[in-house]
Amino acid sequence: MIVLRTKAEVRAHVAQARAAGRRVALVPTMGAFHAGHHALMRAAREAADEVVVSLFVNPAQFNDAGDLAAYPRSEANDAVEAGERGVDVLFAPPVSEIYPEGFATTVSVAGLSEVLEGANRGPGHFAGVCTVVCKLLNIVAPDVAYFGQKDAQQVAVVKRMVRDLDMPSRIEVMPTVREPDGLALSSRNVRLGPADRERALALSRALQTARSAVAAGERDVATVQAAAVTEMGDLEPEYLAIVDPLSFTPLTTIAAPALVLVAAQVGPVRLIDNLVLEPVPAPVAT
Ligand code: AMP
């Protein structure tokens, strides 16, 4: 595996691969790899000939300077892990390579970017995500790019951007990888002390409670939401919402697959998680 730092090097490398008829996959990341990142790399490795993983802690998507400063960074170890998973190129540019002097353009998706994560982290969050993903897709020009369902709203926003701007890369989404006790893997989990690690389980438990209620036939969103929030005990969610998976508009009734999403501050870390809710078919009248 090679580590590249500049756009020009990546472009030249990918152009060569493409000239040799190789299909190219991109996995955008902010590093501090865990099994969730590994799953995306594995999927990319299986689907493509040339796998590029980008490692860039994108300042533009952080609304909180403290969160950016505390974001875990472990590039040397990440390079080893990516190499072990058959990644061909680790693209790890400095900030000045992505945002050079005079950088002035922002890509933003209206509506979808303004609710839930957008409302809580500020509209600049998804504009930062879209701008950097747009740039990475332009730099690497992959046939396919891999994202995790763990960041469900990010997936929806990126898919909408790609569709609206006629970007030619295909977007693939991989399921959320969890610890055996249900906690969704996140680079931020390393900052949870033992007591907060235990409290963090409330998020996945709340989502499971919502899923069980819907699987048992409950379709009323307020009832499902109340059961899920109760499951969180004294951990107060920033939001616990049940929405349409494409538009992210709030639902009152679950008549088709829906998304339940939760965010909460657990000690020093803000965590998010989500699950798909599948309603049971209504009984057929006889
Ligand atoms: P990040 O480095 O946190 O920006 O994540 C890079 C990619 O990995 C994003 O597409 C995330 O959605 C995805 N990802 C993060 N955590 C998980 C997880 N637990 N399971 C699957 N994918 C994940």
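**Ground rules**

I number residues from 1 along each chain as its sequence is written, and I leave hydrogens and water out, with side-chain values resting on heavy atoms. Since the model is predicted, I ask for pLDDT of at least 70 for local features and 80 or more for side-chain atom pairs, while totals for chains, interfaces and linings use all residues.

**Helices**

I took helices as DSSP runs of H or I with at least four residues and strands as runs of E with at least two, numbered from the N terminus. The expected span of a helix is 1.5 Å times one less than its number of residues.

I started with α2, residues 35-47. Its 13 residues reach 18 Å from first C-alpha to last, close to the expected 18 Å. I then listed its buried residues (under 20% relative accessible area with a 1.4 Å probe, protein chains only; exposed is over 50%, partly exposed in between). They are Gly36, His37, His38, Ala39, Leu40, Met41, Ala43 and Ala44. The cover over them includes strands β2, β3, β5 and β6 as well as helix α4.

Next came α10, residues 201-215. Its end C-alpha atoms are 21 Å apart, which agrees with the 21 Å that 15 residues should span. Among its buried residues I noted Leu201, Leu203, Leu207, Ala210 and Val214. Helices α9 and α11 and strands β7, β8 and β9 are among what covers the buried part. After α10 comes Gly217, with a positive phi near 115°.

**Aromatic pairs**

My rule pairs rings of Phe, Tyr and Trp (its six-membered ring) if the centres lie within 6.5 Å; planes under 30 degrees apart are stacked, over 60 edge-to-face, the rest tilted. I got three pairs. Phe56 and Tyr99 are tilted, at 6.1 Å centre to centre and 50° between the planes. Phe56 sits in the loop between β3 and α3 and Tyr99 in the loop between α5 and α6, so this pair ties together parts 43 residues apart in sequence. Both Phe56 and Tyr99 are buried. Phe62 and Tyr71 go edge-to-face, at 5.6 Å and 80°. Phe62 is buried at 11% relative accessible area, and Tyr71 is buried at 8%. Ring pairs also link Phe56, Tyr99 and Phe103 into a cluster.

**Glu117**

I found Glu117 in helix α6, residues 117-121. It is buried, with a relative accessible area of 4%. Contact here means heavy atoms within 4.5 Å. Leaving out residues up to four places away in sequence, Glu117 touches Gly122, Phe126, Gln153, Tyr239, Ala263, Arg270 and Ile272.

I searched a 1 Å grid over the protein atoms alone: a cavity is a set of points where a 1.4 Å probe fits but cannot get out, a pocket is an open set with protein on both sides within 12 Å along at least five of seven lines, and lining residues have an atom within 4 Å of a point. Points are joined across faces, edges and corners, and volume is the space filled by probe spheres set on them.

One cavity of 30 Å³ or more turned up. The largest cavity has a volume of about 50 Å³. Its lining includes Lys150, Asn189, Ser204 and Asp273. β9 gives the most to that lining, with three residues.

The second largest pocket holds about 300 Å³. Of its 16 lining residues, Val155, Ala156, Lys159, Pro245 and Leu246 are closest to the centre. Helix α8 gives the most to this lining, with six residues.
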